[in-house]
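I opened this notebook to record what I looked up about helix packing and aromatic rings. My entries follow the structure.

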Amino acid sequence: MKEFSEKELQYKAEAFCSAAEHCLSEVEAKLVSWGAGEEMAGRIIAHLQKERYLDNARFCRAFVRDKYRFAGWGRMKISQALRMKRLSSEEIRAGLDEIDEEEYCKGLEELIRRKRRSVTGRNEYERNAKLIRFAVGRGFSMEEVMRYIRQTDADEYLD
């Protein structure tokens with residue numbers, strides 16, 4: 001493996017951070033994989049933060065927005081993924097506060113409606129249990145899921 005100087009690693013890290021939003025733990029892991037020592041990685045990370053290439057709060061907001069809009073994840077799954085990336089509770093909370101409540105609710109409702117079309121079961125209870133497991137697995141709370149299960153059940157009877 002090629003040895004990189006500190007300047008070369010700094011340029012690589014700047015390019016890495018410019019290409020996509022990354023959090024501190026991802027950049028640390030990348031620097032280590034490139035052969036940076038602990039002290040060198042610390043200096044490079046300090047530079048990246050000073051120059052605003054690396055910002056955990058910005059990363060958190062972007063991650064939350066992408067996961068609930070495009071992946072259809074709920075707050076619980078997003079929060080867990082951010083904890084796995086070693087972000088602080090304050091950063092996670094601030095990121096989750098960015099969620100547009102109306103858009104989030106519409107996303108959950110649409111997720112349940114779409115899944116309802118493909119779920120089979122011997123009775124309504126069994127179908128709802130499968131829907132609940134699916135939505136909770138996507139990171140939505142039981143309370144949120146139950147609200148929309150009841151709502152879609154009621155809507156079905158009105159049609």
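Entry 1, a helix pair. I looked up helix H7 (residues 101-118) and helix H8 (residues 124-137), whose axes come within 10 Å and cross at roughly 135°. Helices here are DSSP runs (H or I, at least four residues), numbered from the N terminus. The axes are lines fitted to C-alpha atoms over the stretch in contact, with angles from 0 to 180 degrees between N-to-C directions. I noted H7 as oblique to H8, because angles under 35 degrees count as roughly parallel, over 145 as roughly antiparallel, 65 to 115 as roughly perpendicular and the rest as oblique.

The model is predicted: local features need pLDDT of at least 70, side-chain atom pairs count only at pLDDT 80 or more, and totals for chains, interfaces and linings use all residues. Residues are numbered from 1 along each chain as its sequence is written, and side-chain values use heavy atoms, leaving out hydrogens and water.

I found Lys12 over the face of Trp34, at 4.7 Å from the ring centre. Lys67 lies over the face of Trp73, at 4.7 Å from the ring centre. The criterion is NZ of Lys or CZ of Arg within 6 Å of the ring centre and within 35 degrees of the ring normal.

I recorded Phe16 as buried, at 19% relative accessibility. Trp34 is also buried, at 16%. Buried means under 20% relative accessible area, exposed over 50%, and partly exposed in between (1.4 Å probe, protein chains only).

Definitions and conventions: Helix = DSSP H or I, 4+ residues; strand = E, 2+ residues; numbered from the N terminus.
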